[in-house]
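Thanks for coming, everyone. Please bring up the structure, and then I'll walk you through a few parts of it.

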Amino acid sequence: MRNLSEIRTDIDRIDKQMIDLFKQRMNCSKEVGIYKQANNIPVLNQARENEILDSIEEKGGEYGTYARLLYSNIMELSRALQHNIVNNGTEIKKIIANADNKLPVENIKVGYQGIAGANGHEATLKLFPNTPIKNYKTFADVFEAVENEEVTFGVIPVENSTGGSVSAAYDLILKHRFYIVSAYDMRIDYCLAGIKQAEFEDIEKVWTHPQSIAQCENYIAKNNFEATPCANTAFAARDVAKEKRLNVAAICSYKAAEEYGLKVLDNHLQDDNFNTTRFIVISKKPYITEEANKISLCFSIPNVTGSLYSLLCRFNSIGLSLTKIESRPMIDRNFEYLFYLDFTGNVQSKNVTDLLSQLSEELIEFSFLGNYKEYRAEEK
């Protein structure tokens, strides 16, 4: 048996050969890109790639699956190089170039879902102080208001650190393909609020939003409360005040309790002390500010083994960090999905713009949803 030092010497020798061969292969890919540009040939030829990968896997013997994975990554990188030569992605580059670099502050109106005292109301006030705001009953109503230009921007919650994604919000994002122009991560702190005559011992039922039920699951179980979902935490507070039932309380924000004249019966109910909800600002028009630090995309991928992995490899190759990926079923298409993806970055980086251009040419149903600043609670 050889010792470790001898084996590593062999590995170093083989790696040098592989690097030299990789450089030669990429030079060939560059020539292919030049030829495709001159002859107006699409960069992606999925049938040829599949043939090559099948052959590689067969030739790889006991390491066939590993060889296929290696060559899938090499092909992704080769394709990226060819896209840069062909200079695809003119449409997305035009969107980026024409986007305003500042959000307007005058002659605008902002819409949110819920009523006064709702988390969405508070987030809207944080994002747009001293701006006329309008409330809507549902998330869909907010999107329609943006579509019809009743409001310039809409503020929508998309996920919570405890309760997870707001599925209805993502469905609407994927349906409308509006731009995301800002985001705000807001700390959520809930209280138990009942009518003035109530005491904690009287409470048997709690009313609140389904997300809030998830965020306070342990608290609700510990106290044997019966939880009833409502459209909004502020709606719950308003209805508790209106119904005047001694045994019913709302799980809501402190602002909602104050807004509807309720008595705070218990404090800080959320299971996670760092409970945070992410709100986004939607717009029909793109805005990309200089401090933008997050990018959102929507797309579908070919129904080919390893296609999602290959896509994610492209982000890793240029050091981009993915922060969110969400899949939603496509309407009227069995077992086909749209993906929503967030990653950190700014389109001022050539690597990022090149990647977006490449993906816009290759992916089905591709939409650039925006490059924007995501604010933390302490920044607002």
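**A sheet, a helix pair and some cysteines**

Let's start with the sheet. Five strands make an open sheet with mixed pairing, and their order is S8-S7-S9-S6-S10. Keep in mind that this is a predicted model. At the edges sit strand S8 (226-229) and strand S10 (263-266), and each pairs on one side only. From one strand to the next, the twist averages 40°.

Now zoom in on one pair. Strand S6 (residues 190-194) and strand S9 (residues 248-253) run antiparallel, joined by four bridges. Which residue of S9 is the bridge partner of Leu192? That is Ile251. Helix H10 (residues 233-243) packs on this sheet. H10 touches S6, strand S7 (205-208) and S9, and its direction makes about 145° with that of S9.

Next, two helices. Helix H4 (residues 90-98) packs against helix H13 (residues 350-362) at an angle of about 135°. Their axes are 8 Å apart. H4 and H13 are therefore oblique to each other. H4 brings Ile92, Lys93 and Ile96 to the contact, and H13 brings Thr353, Leu356, Ser357 and Ser360. By type, that gives three nonpolar residues, three polar and one charged.

Cys230 is in no disulfide either; its nearest cysteine sulfur, in Cys252, is 11 Å away. Cys230 also counts as buried, at 17% relative accessibility.

Methods:
Residues are numbered from 1 along each chain as its sequence is written. This is a predicted model: local features need pLDDT of at least 70, side-chain atom pairs count only at pLDDT 80 or more; totals for chains, interfaces and linings use all residues. Side-chain values use heavy atoms; hydrogens and water are left out. Axes are lines fitted to C-alpha atoms, for helices over the stretch in contact, and angles run from 0 to 180 degrees between N-to-C directions. Angles under 35 degrees count as roughly parallel, over 145 as roughly antiparallel, 65 to 115 as roughly perpendicular and the rest as oblique. Contact means heavy atoms within 4.5 Å. Ala, Val, Leu, Ile, Met, Phe, Trp, Tyr, Cys and Pro count as nonpolar, Asp, Glu, Lys and Arg as charged, and the others, Gly among them, as polar. A disulfide is a pair of cysteine sulfur atoms within 2.5 Å. Buried means under 20% relative accessible area, exposed over 50%, partly exposed in between (1.4 Å probe, protein chains only). Two strands pair if DSSP finds at least two bridges between them.
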